[in-house]
Amino acid sequence: MIFDFLQEHGLEPKKLKAVLFDMDGVLFDSMPNHVTAWKESMSRYGLSITDKQVYMNEGQTGFGTIAALVREQFGRDATDEECDIIYQCKCDVFNTCPAAPPMPGAREALEAIKTAGLKCVIVTGSGQLSLFNRLNEAYPSIFTRELMVTAFDVRHGKPRPEPYLMGLKKASVNADEAIVVENAPLGIQAGRAAGIFTVALNTGPLPDSLLLESGANVVYPDMPTFARLLSPRP
Ligand code: MG
């Protein structure tokens, strides 16, 4: 179960009080929708983005991704206005995509963590207003509005540590009393920059080596594998 998992990784089981979860690509299988939305919206404005670039940029703000592509492909800085327009377009396309399904294995992992008496915290760069309702629908009685960090709570998003530091603060725990569960290189960097043990679930197409280079303490291939490690052993 979860305490064995901690001990195996040199963590003090009695200390753990909270698990900080990223959302896209961890709790929802939503990255394919983000790939569709980024590609479609970029092409409308004469820009292009590869699947790999979407996954590499995951976690940072939409503006950051657009600014980087404009610099790379147009050789100049993006204006705030064009970032606004392109990002709005990306959100519009995203909202026409079918709702992303809950990640297989996530409910089992969350229930094991909750049963162990730990707090479950959301730390996402997403700014969707309906976020809490979607979480509560997919994972009833696991999350509370108070224990959520979203795009609205932070000045500097991932890969900066601020989102995860804010998650620790909201849960009233220290860095060595929590673990982070992430899927994206920039999110992993943010977790480690906040000084937290970071579990990477490689739910996308990037090689494990990239997640390890980003600082992941451990990499698992998917959520069911992680959930099995947390569940009580027969
Ligand atoms: Mg993610």
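User: Which definition does one need before the handedness of two crossing helices can be discussed?

Analyst: A crossing is called right-handed if the near helix is turned clockwise from the far one by less than a right angle, and left-handed if the turn is anticlockwise. The structure above is a predicted model, and in it the crossing of H2 and H5 is right-handed.

User: Why are H4 and H5 called roughly perpendicular?

Analyst: The axes of H4 and H5 come within 10 Å and cross at roughly 115°. The class of roughly perpendicular angles runs from 65 to 115 degrees, and H4 and H5 are therefore placed in it. H4 passes H5 in a right-handed crossing. In this contact, Gly62, Phe63, Ile66 and Val70 of H4 meet residues of H5, among them Ile86 and Tyr87. The contact of H4 with H5 divides into 6 nonpolar, 1 polar and 3 charged residues.

User: What makes Asp22, Asp24, Glu58 and Asn183 donors of the magnesium ion?

Analyst: To be a donor of this metal, an N, O or S atom has to lie within 2.8 Å of it. The atoms concerned are OD of Asp22, O of Asp24, OE of Glu58 and OD1 of Asn183, at 2.0 to 2.2 Å from the magnesium ion. These distances meet the cut-off, so the four residues count as donors. Along the chain, the donors follow the spacing D-x1-D-x33-E-x124-N. Glu58 and Asn183 link distant parts of the chain, being 125 residues apart. Glu58 is in the loop between helix H3 (51–57) and helix H4 (62–74), whereas Asn183 is in the loop between strand E4 (178–182) and helix H9 (185–193). Both residues are buried.

User: How do you know whether Tyr55 is buried or exposed?

Analyst: The cut-off for a buried residue is a relative accessible area under 20%. Tyr55 has a relative accessibility of 11%, and therefore counts as buried. This residue is placed in helix H3. Leaving aside neighbours within four places in sequence, Tyr55 is in contact with several residues, including Met31, Pro32, Val35 and Pro185. Pro185 is itself one of the buried residues of H9.

User: Why is Asn174 called partly exposed, and how is Ser172 classed?

Analyst: Both residues lie in the loop between H8 and E4. Exposed means over 50% relative accessible area, and partly exposed means between that value and the 20% cut-off for buried residues. Asn174, at 48%, is therefore partly exposed. Ser172, at 60%, is exposed. Phi of Ser172 is near 55°, a positive value in a residue other than glycine.

User: What makes Ser141 an exposed residue, and what is its phi?

Analyst: The relative accessibility of Ser141 is 61%. This value passes the 50% cut-off, so Ser141 counts as exposed. Ser141 lies in the loop between helix H7 (131–138) and E3. Its phi is positive, about 60°, although Ser141 is not a glycine.

User: Which peptide bond is cis, and what is its omega?

Analyst: The bond from Lys158 to Pro159 is cis, with omega near 15°. Pro159 is found in the loop between strand E3 (148–149) and helix H8 (162–171).

Technical notes:
Residues numbered from 1 in each chain as written. Predicted model: local features only at pLDDT ≥ 70, side-chain atom pairs only at ≥ 80, totals over all residues. Heavy atoms only, no water. Helix = DSSP H or I, 4+ residues; strand = E, 2+ residues; numbered from the N terminus. Donors = N, O, S within 2.8 Å, 3.2 Å for Na, K, Ca; no water. Buried < 20%, exposed > 50% of the residue type's maximum accessible area, 1.4 Å probe, protein only. Axes fitted to C-alpha atoms, helices over the stretch in contact; angles between N-to-C directions. Parallel < 35°, antiparallel > 145°, perpendicular 65-115°, else oblique. Contact = heavy atoms within 4.5 Å. Nonpolar A, V, L, I, M, F, W, Y, C, P; charged D, E, K, R; others polar.
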